[in-house]
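Colleague: I would like to learn how to read charged contacts and helices in a model. Please take me through this one.

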Amino acid sequence: MRRKLAAGNWKMNGTGSALSELASLSQSYSKASVDILICPPATLLHRAADAVAESAVTVGGQDCHSGHSGAHTGDISADMLLDAGATSVILGHSERRVDHGEHDEDVRAKARAAMDAGLKAVICVGESLEQREAANTLDIIGGQMSGSIPDQSTGENLIVAYEPIWAIGTGKVPTLEEIGEVHDFMRARLERRFGEGVGRSVRLLYGGSVKPSNAADIFAVSNVDGALVGGASLKAADFSGIIQALESI
């Protein structure tokens, strides 16, 4: 049975004062029936890990370098994230693919490094509005999965997040049928590549304008094991509403 996961991506938001939201969240969830993950900016990661140490909340990074160490000014390795208290790392987010020109092979290399370090890799895939309107969604998702997911992946070290680019931060959400189509497709692809055991154990998240008001409906969709949440994860009250929706499924 796959354990549900509510993951929050703070993106480039938050300074030390934001840790009060994390403290509030951890106080509300000393225990939980689902997994809870917050990925703050790297500058907060160590303090965030300390803030949630006695709770069901864990923390992760938003990116990592594919190398273990070296002359890479400004980059952070998976080993460094682990040392700072991370359990997971988001990789291949559309904002990294677009803003930093990351390709599938880059994401795959980073995911290998993350898995080697003992982190869970949350690999993001998703289509643009132009690709959606051209009916190319499944081809795009399939290609990104093939290129971005390493061969060493298991249900323990891999999480896949479907984030349609056109729904991120826009308030637009695919229909439940569209979400289900993509998640069923991703499950089938994983089972075909890794076998039913691994394929059925990998958690699949939906991301893109998830909020307390629509979370329950999204979580009821086939093969949706939770969410990767952006803006609504910045406030404990908003994110708690999403966690509660996931716990009720």
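Colleague: Which residue does Glu102 form a salt bridge with?

Modeller: A salt bridge is a side-chain nitrogen of Lys or Arg within 4 Å of a carboxyl oxygen of Asp or Glu. Glu102 pairs in this way with Arg96, and their closest N and O atoms are 3.1 Å apart. This is a predicted model, where local features need pLDDT of at least 70 and side-chain atom pairs count only at pLDDT 80 or more, while totals for chains, interfaces and linings use all residues. Residues are numbered from 1 along each chain as its sequence is written, and side-chain values use heavy atoms, with hydrogens and water left out.

Colleague: Is Glu102 buried or exposed?

Modeller: Buried means under 20% relative accessible area, exposed means over 50%, and partly exposed is in between (1.4 Å probe, protein chains only). Glu102 has a relative accessible area of 8%, so Glu102 is buried. Arg96, at 23%, counts as partly exposed.

Colleague: What else does Arg96 meet in a salt bridge?

Modeller: The side chain of Arg96 also meets that of Asp63, at 3.1 Å from N to O. Arg96 lies in helix α4 (residues 94–99) and Asp63 in the loop between β3 (57–61) and α3 (78–83), so this pair ties together parts that are 33 residues apart in sequence. Helices (H or I, at least four residues) and strands (E, at least two) are DSSP runs, numbered from the N terminus. Asp63 has 17% relative accessibility and counts as buried.

Colleague: How many salt bridges does a search of the whole structure find?

Modeller: The search finds 18. Some are joined up: Arg2, Lys4, Arg187 and Asp225 are linked in a network.

Colleague: What span should helix α5 have?

Modeller: The expected span of a helix is 1.5 Å times one less than its number of residues. Helix α5 (residues 104–117) has 14 residues and should span 20 Å, which agrees with the 20 Å between its end C-alpha atoms. Its buried residues include Val107, Arg108 and Met115. Just after α5, Gly118 takes a positive phi of about 100°.
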